[in-house]
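Here's a quick briefing for anyone meeting this structure for the first time.

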Amino acid sequence: MRTLASQFSSYLCRRKPVNLQSRNYASFNRRDELELEQEAERKIGWLLKLFFAGTAAAVGYQFFPYMGDNLMQQSVSLLRVKDPLFKRMGASRLARFATDDERRMKIVEIGGAQELLNMLEAARDDRTRKEALKALTAISRSDKAVGALHNVGALSVIKSTPKSLENAEVENYKSSLLKRFQDLRYDSSS
């Protein structure tokens, strides 16, 4: 019996280390697998981020040109339409674009000032006059733009604009423009 017990115990003892080793080996694999998964997630995460950034850059490259000079061109094109609503929308856009001297001169260069004057001359209602005068006022904040407006005959068009009894803003914009021309000595009456 003793021999049988010793063989049995040696069999069990021999099995335990094998089991322990296999368990350790399995846990080592799990730890290794977790590390590999985390590393793969990191690499794929960066790959996905790069893919997203590349897609966003490509989409931005396609759409942002519409927000620069091209949108100014479209706004000037709106001034050429016969519908006063579209003309007001184009004038409003140009007034918003005229934030610095470079943009103001760009509007003048692409024909925006001339189209605004044509719009003002042909306007039949106060709202259209108001938007045209508002855009011209925004453009006239630049000395060079005022000179360009004077060269295209803005002073006579502004002076010939009928008085508005209903809308005081039209008169405010008109007087502001006339004062700006006077300050820069473009007014022929002074």
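Helix α6 covers residues 126-139, so to speak a run of 14 residues, and reaches 20 Å from its first C-alpha to its last. That's close to the 20 Å expected at 1.5 Å a residue. Keep in mind that this is a predicted model.

**How covered is α6?**

- Most of α6 is tucked away: twelve of its 14 residues are buried.

**α6 alongside α9**

- The axes of α6 and α9 come within 9 Å and cross at roughly 30°.
- Angles under 35 degrees count as roughly parallel, and α6 and α9 are therefore roughly parallel to each other.
- The crossing of α6 past α9 is left-handed.
- On the α6 side, the residues that meet α9 are Asp126, Lys130, Leu133, Lys134, Leu136 and Thr137.
- Their counterparts in α9 are Glu169, Val170, Tyr173, Lys174, Ser176 and Leu177.
- Sorted by class, this contact of α6 with α9 has five nonpolar, two polar and five charged residues.

**α3 against α5**

- Helix α3 (residues 84-97) packs with helix α5 (residues 112-122) at an angle of about 140°, and their axes are 11 Å apart.
- Only angles over 145 degrees count as roughly antiparallel, and α3 and α5 are therefore oblique to each other.
- Here, too, the crossing is left-handed, with α3 passing α5.
- From α3, Lys87, Arg88, Ala91 and Leu94 make the contact, and they meet Gly112, Leu116 and Met119 in α5.
- The residues of that contact split into four nonpolar, one polar and two charged.

**A closer look at Ser75**

- Where does Ser75 sit? You'll find Ser75 in helix α2 (residues 69-79).
- Is Ser75 buried or exposed? Ser75 has a relative accessible area of 0%, so it counts as buried.
- Leaving aside residues up to four places away in sequence, Ser75 touches Gly90, Arg93, Leu94 and Phe97.
- One of those, Leu94, also turned up above among the α3 residues that meet α5.

Technical notes
Residues are numbered from 1 along each chain as its sequence is written. This is a predicted model: local features need pLDDT of at least 70, side-chain atom pairs count only at pLDDT 80 or more; totals for chains, interfaces and linings use all residues. Side-chain values use heavy atoms; hydrogens and water are left out. Axes are lines fitted to C-alpha atoms, for helices over the stretch in contact, and angles run from 0 to 180 degrees between N-to-C directions. Helices (H or I, at least four residues) and strands (E, at least two) are DSSP runs, numbered from the N terminus. Angles under 35 degrees count as roughly parallel, over 145 as roughly antiparallel, 65 to 115 as roughly perpendicular and the rest as oblique. A crossing is left-handed if the near helix is turned anticlockwise from the far one by less than a right angle, and right-handed if clockwise. Contact means heavy atoms within 4.5 Å. Ala, Val, Leu, Ile, Met, Phe, Trp, Tyr, Cys and Pro count as nonpolar, Asp, Glu, Lys and Arg as charged, and the others, Gly among them, as polar. The expected span of a helix is 1.5 Å times one less than its number of residues. Buried means under 20% relative accessible area, exposed over 50%, partly exposed in between (1.4 Å probe, protein chains only).
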